[in-house]
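Please keep the sequence and the structure at hand while reading.

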Amino acid sequence: MTIRVLIADDQQLVRTGFQMILDAQPDMEVVAAVADGAEAVSEARRLRPDVCLLDIRMPKLDGLEVTRVLAGPGVENPLRVVIVTTFDLDEYVYGALRSGATGFLLKDSGPTLLIEAVKAAAAGDALVSPSVTVRLLQHLTQPRRAALPSNELLTDRELDVVRLVARGHTNQEVAAELFVSLSTVKTHLGSIQTKLAVRNRVGIAAWAWESGVVS
């Protein structure tokens, strides 16, 4: 199955570079490469790509607003969005993750990570580089003690999973660390997402850092 990708970035060199890398993959196709946020929204709605790669800083609509429109809370059939950022300059990317983005990618991550990011997003997973995950969340969140959701507390084992996810562990690494099967980890993640009212492991990790479950 071919993964259909939309690229939105106001820098032509970035758009061209990303498109060359992705189009060279046998299972990927860039269906649109646009230079501003308004066109990104228009083309994404028209083409319904599997993954949208969005720059944070774009004319007309920035990546935050595009993310909210395409993948934010309340959006029917949300698209999968990966934010492309320079990290140090784009501290508000955290808001994009909370607004529905599946994950993020640093612009200088290189071809391998770009391909992995697209594949992960298409598969419904979030974030690619565990070290980057931890750096971003440590950098952008202000940990605070917060009560667990009042409607239903997380179990001790679910908290174990949350802590590992927040530190950037993959599902396979969580399974190995806790001596459980991969399917058990996925079951825990589904339960955690429901209890925390988040869409993916990005939301789980963000909640963990915000609430002080990890520090």
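The sections below treat the overall composition, the sheet, the helices packed on it, the helix contacts and some individual residues.

## Overall composition

The model is predicted. Its chain contains 10 helices and 5 strands. Of its 215 residues, 51% count as buried. Among contacts between residues at least 6 apart in sequence, 67% join residues at least 24 apart.

The 5 strands form an open sheet in the order 2-1-3-4-5, with parallel pairing. Strand 2 and strand 5 stand at the edges and have a single partner strand each, so one side of each is left without a neighbour in the sheet. From one strand to the next, the twist averages 25 degrees.

Two of the pairings can be described in detail. Strand 1 pairs with strand 3 in the parallel sense over 4 bridges, and Leu6 stands opposite Cys52 in strand 3. Strand 4 (residues 81-85) runs parallel to strand 5 and is joined to it by 4 bridges; here Thr85 stands opposite Leu106 in strand 5. Strand 5 (residues 103-106) is covered on both faces. Gly103 and Leu105 are buried on one side, and Phe104 and Leu106 are buried on the other.

Helix 2 lies across strand 1, strand 2 and strand 3, and runs at about 140 degrees to strand 2. Helix 5 (residues 111-122) also packs on the sheet, where it touches strand 1, strand 2, strand 3, strand 4 and strand 5. The direction of helix 5 makes about 130 degrees with that of strand 3.

The buried residues of helix 2 (residues 37-47) are Gly37, Ala40, Val41, Glu43, Ala44 and Leu47. They pack against strand 1 (3-8), strand 2 (28-34), strand 3 (51-55) and helix 3 (63-71). At the N-terminal end, Asp36 caps helix 2, with a side-chain oxygen 3.0 Å from the backbone nitrogen of Ala38. Just after helix 2, Arg48 takes a positive phi of about 50 degrees.

## Contacts of helix 9

Helix 9 (residues 182-196) packs with helix 8 (residues 171-178) at an angle of about 105 degrees, and their axes are 9 Å apart. That angle makes helix 8 roughly perpendicular to helix 9. Helix 8 contributes Asn171, Gln172, Val174 and Ala175 to the contact, while helix 9 contributes Leu182, Val185, Lys186 and Leu189. By class, these residues divide into 5 nonpolar, 2 polar and 1 charged.

Helix 7 and helix 9 pack at an angle of about 90 degrees, with axes 10 Å apart; they are therefore roughly perpendicular to each other. From helix 7, Arg157, Glu158, Val161, Val162 and Val165 meet His188, Leu189, Ser191, Ile192 and Lys195 in helix 9. The residues of this contact comprise 5 nonpolar, 2 polar and 3 charged.

## A buried glutamate

Leaving aside neighbours within four places in sequence, Glu158 is in contact with Leu153, His188, Ser191, Ile192 and Lys195.

## Helix 10

Helix 10 (residues 201-211) is mostly covered, with 11 of its 11 residues buried. Among them are the charged residues Arg201 and Glu210, as well as Trp207 and Trp209. Just after helix 10, Gly212 takes a positive phi of about 90 degrees.

## Loop residues with positive phi

Lys60 is found in the loop between strand 3 and helix 3. Its phi is near 70 degrees, a positive value in a residue other than glycine. Lys60 is exposed, with a relative accessible area of 70%.

Asn77 lies in the loop between helix 3 and strand 4. Although Asn77 is not a glycine, it has a positive phi of about 50 degrees. The relative accessible area of Asn77 is 56%, which exceeds the 50% cut-off, so the residue counts as exposed.

How values were computed:
Residues are numbered from 1 along each chain as its sequence is written. This is a predicted model: local features need pLDDT of at least 70, side-chain atom pairs count only at pLDDT 80 or more; totals for chains, interfaces and linings use all residues. Side-chain values use heavy atoms; hydrogens and water are left out. Buried means under 20% relative accessible area, exposed over 50%, partly exposed in between (1.4 Å probe, protein chains only). Helices (H or I, at least four residues) and strands (E, at least two) are DSSP runs, numbered from the N terminus. Two strands pair if DSSP finds at least two bridges between them. Axes are lines fitted to C-alpha atoms, for helices over the stretch in contact, and angles run from 0 to 180 degrees between N-to-C directions. Angles under 35 degrees count as roughly parallel, over 145 as roughly antiparallel, 65 to 115 as roughly perpendicular and the rest as oblique. Contact means heavy atoms within 4.5 Å. A polar contact is a pair of N or O atoms within 3.5 Å; within protein, one must be able to donate a hydrogen and the other to accept it, and residues adjacent in sequence count only if both atoms are side-chain atoms.
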